[in-house]
Amino acid sequence: MNKQIKGLIFDLDGVLVTTEHNHFIAWKNTSDILGIPFDEEDNEQLKGISRVDSLKKILEMGKKTISEEMFNELLRKKNEFYLNSIQEINQSNLLPGVLSLLQTANFNGLKCAVGSSSKNARFILSKLQIENYFSVIVDGNDVSFPKPHPEVFIRGAELMGLIPSECIVFEDAQSGVQAAKAGGFTAIGVGNPALMDFVDSYLPNLNEFSLEEYA
Ligand code: G6P
Ligand code: MG
């Protein structure tokens, strides 16, 4: 077991907070406008990837092409659906074990970062009132290459002053696990059993994580 861990990098949607369902409903509404059938299984392919790449995937699924103007309008609409649905978001939307792990990690001097594809990450973290636990936040506004490219996690580690082998990445999405592994991080899958074969360790939720094993 790697006992050299000095930093924890958390994906946001589906790892810290319950927003994956809100993203799904917002994409479902967007697909309905396009007349493209879209269900939760299809949504698995969108988890972790950027807003632009998500819309490209939905159009691929429906074998449709649209104008650039319509593309941008649908991106705007999707985000409007999404933001409307998370207006009331608060600490009760944190996933199990999140708050106590952040508190324990901070108490023990481990650095914590957020590594998210979402351009709404900072807004959501402020609504959740947990920004103070993180020394670094890297989100969809900060990277040139979205997940599954490792840039978001590599930037996170660098900004914490750490190297990838000193950090654990917590992820609920295939694209995020690919990004973590490509960057040389220990990848822990959370809350998505489909990740089990691709991660270094799998946990149903963060309550099951034992910091003493790693740090
Ligand atoms: C996340 C989610 C995706 C979401 C993407 C972009 O990582 O897993 O479902 O589509 O970020 O989010 P945004 O808030 O920028 O549309
Ligand atoms: Mg996620």
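Trainee: Where does Lys63 lie?

Mentor: Lys63 lies in the loop between α3 and α4. Helices are DSSP runs of H or I with at least four residues, strands are E runs of at least two, and both are numbered from the N terminus. Before going further, note that this is a predicted model, where local features need pLDDT of at least 70, side-chain atom pairs need 80 or more, and totals for chains, interfaces and linings use all residues. Residues count from 1 along each chain as written, chains are lettered from A and ligands numbered from 1 in written order, and side-chain values use heavy atoms, without hydrogens or water.

Start with the backbone. Lys63 has a positive phi, near 50°, and Lys63 is not a glycine. Most residues other than glycine have a negative phi. The surface comes next. Lys63 has a relative accessible area of 76%, so Lys63 is exposed (over 50%; buried is under 20%, partly exposed in between, with a 1.4 Å probe and protein chains only).

Gln129 is another non-glycine residue with a positive phi, about 55°. The place of Gln129 is the loop between α6 (121-128) and β3. Gln129 is exposed too, because its relative accessible area is 58%.

Now step back into α3, the helix on one side of the Lys63 loop. Asp53 sits in α3. Its relative accessible area is 26%, so Asp53 is partly exposed. Follow Asp53 across to Lys147. The two residues are 94 apart along the chain, yet their C-alpha atoms are separated by 9.9 Å. Lys147 has a backbone feature of its own. The peptide bond from Lys147 to Pro148 is cis, with omega near 15°. Most peptide bonds are trans. Pro148 belongs to the loop between β3 (136-138) and α7 (151-160). Gln129 is in the loop that leads from α6 to β3.

Asp11 is in the loop between β1 (7-10) and α1, and Asp172 is in the loop between β4 (167-171) and α8 (174-182), so the pair ties together parts 161 residues apart in sequence. Asp11 counts as buried because its relative accessibility is 4%. Asp172 is buried as well, at 5% relative accessible area.

Strands β1 and β4 also meet a helix. The buried residues of α5 pack against β1, β2 (111-115) and β4, where contact means heavy atoms within 4.5 Å. Which residues of α5 (98-107) are buried? They are Val98, Leu101, Leu102 and Ala105. These four cover an arc of only 100° around the axis, which puts them on the same side of α5. The arc is taken over directions from the helix axis to the C-beta atoms. Just after α5 comes Gly109, with a positive phi of about 80°.
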